[in-house]
Amino acid sequence: MTRLKDHNLFLRRTDGVAPGKRMRPVLLLLVFAASGLLLLSRLDHSMLGDVRWRAASWLTPVLQGAMIPAQPVREIGRSISTQVDLGNELERLRQENQKLESWKWRAQQLEGKVADLEALAKVVPEQKLDFVTSRVISDASGAFVRSVTIDAGRGRNVKEGYPVVNADGLVGRIVDVAPDAARVLLATDLNSRIPVRIGPNAVRGILAGDNSSRPKLIYIPDDANIAIGDDVATSGTGGVFPAGLRLGAVAGSLSEPRVALRADLDRLDYVSVLFFADPFHDLTDELSNRKTAGEVNNTASPPNASLGNASPGKAK
Amino acid sequence: MRSLRLLMPIISVAVLTLAAALPWGLAAEDRFVLPLLPVIAIYQWTLDPDAWLPEWAIFIAGLTLDVLTQGPLGYWVLVYLFTYIVALFASRARTETAAGRMALLAAAIVAVTGFSWMLASLYFLQLLDWQPYARSTLITIVAAIVLVPLLGVLRFRSRSARGIRLTRGSG
């Protein structure tokens, strides 16, 4: 008769009873499917991009809900980092305030002069930009992309291409829009290209993101006179961004200049979307509309009637 | 209540996956640590033979993160499935002490981070900077010290009471 040994008699709940998990064929299937998706993404399949953005916009309410408990944790983290930097920040602000006091007086003088000169020259007033302020609900900054999702979309008249700013300057531009959300491509993203003017000489160049915190300046003329610390702002070239939006200052080395952005893109909380429509886009639209209308008129009306419709005042 | 217990592994992975996409104010270079938190959960639940965390749930978690982070579809899916495979192998190792189990988890995190770096490099067809990955590995190992006991509490609470079975040893 088998002797019952004490050390082999256990009260067991899991050990030895459950057989443990094993690799199943479904795992191989899922790995194969994931590899296929990755390959399609690498080939930049347009269908994938569309489906991905639609799926992301469906998840917007979930992210908005998740932000509610996450917000206090974020606030605690922010207040801790603020407390740590408080001494340095106070000193920096004190010095900046002294500089700004002298600049304020100078700016008021110049503002008066500019207003007088503009009145004399009958300058067309600058376009007043409308905007909407929105909350950042998801941050997609990683190895592949630098973008954030905001909780304002088509419902708030946000459109693709609109520039996005915060109190410190330009942040990026809208690249995808859903009814209640939009994706902002940050200025640091690999695919971001922003026409800029640099320093007091207004040297033209392109600010090119490379997924690092300091985007690089490219296409600067060889004989360009720029220095470290020069201000960098949008030039307005191409009509994607309005001219004069602050970006940051030249940093790094002059052989390979980069820009230290004013806006802290890692800590975006609220951003404003500027309703800036590309003027060139409107112009080409107007031309194509006129062309189409002209063609229609040519077929439907006598030639002199169609010429009469083309008022010179409408041409931009 | 019973279904909640059953779904606890999936819920915990889903919560950590969603948290990885939220704006926490971390520097972009350090954000890589956030998607590694579900790695800890997947590893721990896979080690538990009673926990129900099917492969398709891991697939969906990875795909959700790919969608939310606007990265290439399939990247985090592959990383999370790799974690699952690593955990399956780790479950065969006999470790009696808590320190041994933590060492095994740390080794798994190193393996998974190494795999994710390799996969990202392969995607871009160039060797990426390994330092953010190395930094994230260290932070994740530290985070694991906090997260593993929390998962342990969930594991304890989610385990349904079963009939105790007497088993006789063979030798």
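B:Leu151 counts as buried because its relative accessibility is 6%, where buried means under 20% relative accessible area, exposed over 50% and partly exposed in between (1.4 Å probe, protein chains only). The residue lies in helix 6 (residues 131-158) of chain B; helices (H or I, at least four residues) and strands (E, at least two) are DSSP runs, numbered from the N terminus. This is a predicted model, in which local features need pLDDT of at least 70 and side-chain atom pairs count only at pLDDT 80 or more, while totals for chains, interfaces and linings use all residues. Residues are numbered from 1 along each chain as its sequence is written, chains are lettered from A and ligands numbered from 1 in the order in which they are written, and side-chain values use heavy atoms, with hydrogens and water left out.

**Surroundings of B:Leu151**
- Leaving aside neighbours within four places in sequence, B:Leu151 is in contact (heavy atoms within 4.5 Å) with B:Ser12, B:Ile40, B:Ala41, B:Gln44 and B:Trp45.
- B:Tyr84 is 67 residues from B:Leu151 in sequence, and their C-alpha atoms are 16 Å apart in space.

**Helix 5 of chain B**
- Helix 5 (residues 98-124) has 27 residues and spans 39 Å from its first C-alpha to its last, close to the 39 Å expected at 1.5 Å a residue; the expected span is 1.5 Å times one less than the number of residues.
- Its buried residues include B:Leu105, B:Ile109, B:Val112, B:Phe115, B:Leu119 and B:Tyr123.
- Just after this helix, B:Leu125 takes a positive phi of about 55°.

**Nonpolar patch on chain B**
- B:Leu4, B:Leu6, B:Leu7, B:Ile11, B:Val15, B:Trp52, B:Trp56 and B:Ile60 make a nonpolar surface patch of about 720 Å².
- Patches are made of residues with over 30% relative accessible area and no salt bridge, with like charges joined within 9 Å and nonpolar side chains (Val, Leu, Ile, Met, Phe, Trp, Tyr) within 5 Å.
- Accessible areas come from the Shrake-Rupley method with a 1.4 Å probe, and for residues only the protein chains shown count as cover.
- Helix 1 (2-21) and helix 3 (55-68) each supply at least two residues of the patch, and helix 1 gives the most, with five.
- B:Trp52 lies in the loop between helix 2 (33-47) and helix 3, and counts as partly exposed because its relative accessibility is 37%.

**Salt bridges**
- The structure holds 10 salt bridges over all chains, each a side-chain nitrogen of Lys or Arg within 4 Å of a carboxyl oxygen of Asp or Glu.
- B:Arg31 pairs with A:Asp139, the closest N and O atoms being 3.6 Å apart. This pair crosses between chains, from the loop between helix 1 and helix 2 of chain B to strand 2 (residues 131-139) of chain A.
- B:Arg31 is buried at 4% relative accessibility, and A:Asp139 is buried with a relative accessible area of 3%.
- A:Asp210 and A:Arg258 meet in a salt bridge at 2.9 Å, N to O. A:Asp210 lies in the loop between strand 8 (203-208) and strand 9 (216-218) and A:Arg258 in strand 12 (residues 257-261), so the pair ties together parts of chain A that are 48 residues apart in sequence.
- A:Arg258 also forms a salt bridge with A:Glu256, with closest N and O atoms 3.8 Å apart.
- A:Asp210 is partly exposed at 22% relative accessibility, as is A:Glu256 with a relative accessible area of 48%.
- A:Glu89, A:Arg92 and A:Glu96 are linked in a salt-bridge network.

**Chain A totals**
- Chain A has five helices and 13 strands, and 34% of its 316 residues are buried.
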